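The sequence and the model come next.

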Amino acid sequence: LIPALTMQSFADEKQRRTIEFLTTKPLTDIQIVMGKYLACFALVIFAILPTAIYYYSIVQLGSPVGNIDSGAVLGSYIGLFLLAGVFTAIGIYTSSLTENIIVAFILSTFLCFIFYWSFDFLSALPVFYGKWDDLVKYFGIEYHYDNISKGRIDSRDVIYFLSLISLFVWMTLSTLEKRKWQ
């Protein structure tokens, strides 16, 4: 869902040649990028929020009522919001790279897949197995998301997600800054 939501953010502006109009407004590049990021992120949050109905249903239908691990559910939601934030930042970045929205969608889907799964696969290679596999896993999103989704909210995991979001927002800003020099 997230690559489909973010694919038009900058690619459509470039394709329709309205990026110049947007940048001539009294806004800084960080305001433009954060505005687009927060708009896409809010849309993703609004798509996730109705799933709280399932949680409420399970709490009420459990025997006895409330027989559910609420900490794990809350951790899963926090992890899902952080994961959505990273995927939104990746989508905004890939949209800033190209004019074609289909290319932005495919590139965003690919990068989200790579950042989520590839480090776990790489850690299973014989080259890393033994002493380096934990370090390689640590660089992947899946490792940190699994920790949070189990209800263990660690500052290292939250900082990891916020760092990835900051990195991709900064790379989006760099892409827009490069446009000014051309």
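## Crossing of α7 and α9

The axes of α7 and helix α9 (residues 141–149) cross at roughly 100° and come within 6 Å of each other. Axes here are lines fitted to C-alpha atoms, for helices over the stretch in contact, with angles from 0 to 180 degrees between N-to-C directions. Helices (H or I, at least four residues) are DSSP runs, numbered from the N terminus. The two helices α7 and α9 are therefore roughly perpendicular, a term for angles of 65 to 115 degrees.

On the α7 side, Phe115, Tyr116, Trp117 and Asp120 meet Ile141, Glu142 and Tyr145 of α9; contact means heavy atoms within 4.5 Å. The residues of this contact divide into five nonpolar, no polar and two charged. In this scheme Ala, Val, Leu, Ile, Met, Phe, Trp, Tyr, Cys and Pro are nonpolar, Asp, Glu, Lys and Arg are charged, and the others, Gly among them, are polar.

## Basis of the model

The model is predicted: local features need pLDDT of at least 70 and side-chain atom pairs pLDDT 80 or more, while totals for chains, interfaces and linings use all residues. Residues are numbered from 1 along each chain as its sequence is written, and side-chain values use heavy atoms, leaving out hydrogens and water.

## Aromatic pairs

The whole structure holds ten aromatic pairs. Rings of Phe, Tyr and Trp (its six-membered ring) pair if their centres lie within 6.5 Å; planes under 30 degrees apart are stacked, over 60 edge-to-face and the rest tilted. Phenylalanine 115 and phenylalanine 119 form a tilted pair, because their planes stand at 55°, with the centres 6.5 Å apart. Both lie in helix α7 (residues 101–123), four residues apart, which means a separation of about one helical turn. Phenylalanine 115 is buried at 19% relative accessible area, whereas phenylalanine 119, at 22%, is partly exposed. Buried means under 20%, exposed over 50% and partly exposed in between (1.4 Å probe, protein chains only).

Tyrosine 116 and tryptophan 117 form an edge-to-face pair, 5.2 Å centre to centre with 75° between the planes. Tyrosine 116 is buried at 13%, and tryptophan 117 is partly exposed at 34%. Ring pairs also link Tyr93, Phe115, Phe119 and Phe168 into a cluster.

## Backbone features in loops

Arginine 17 is not a glycine, yet has a positive phi of about 60°. Arginine 17 lies in the loop between α2 (11–15) and α3 (19–23) and is exposed, with a relative accessible area of 52%.

The peptide bond from serine 63 to proline 64 is cis, with omega near -5°. Proline 64 is placed in the loop between α5 (52–61) and α6 (70–97).

Methods:
Parallel < 35°, antiparallel > 145°, perpendicular 65-115°, else oblique.
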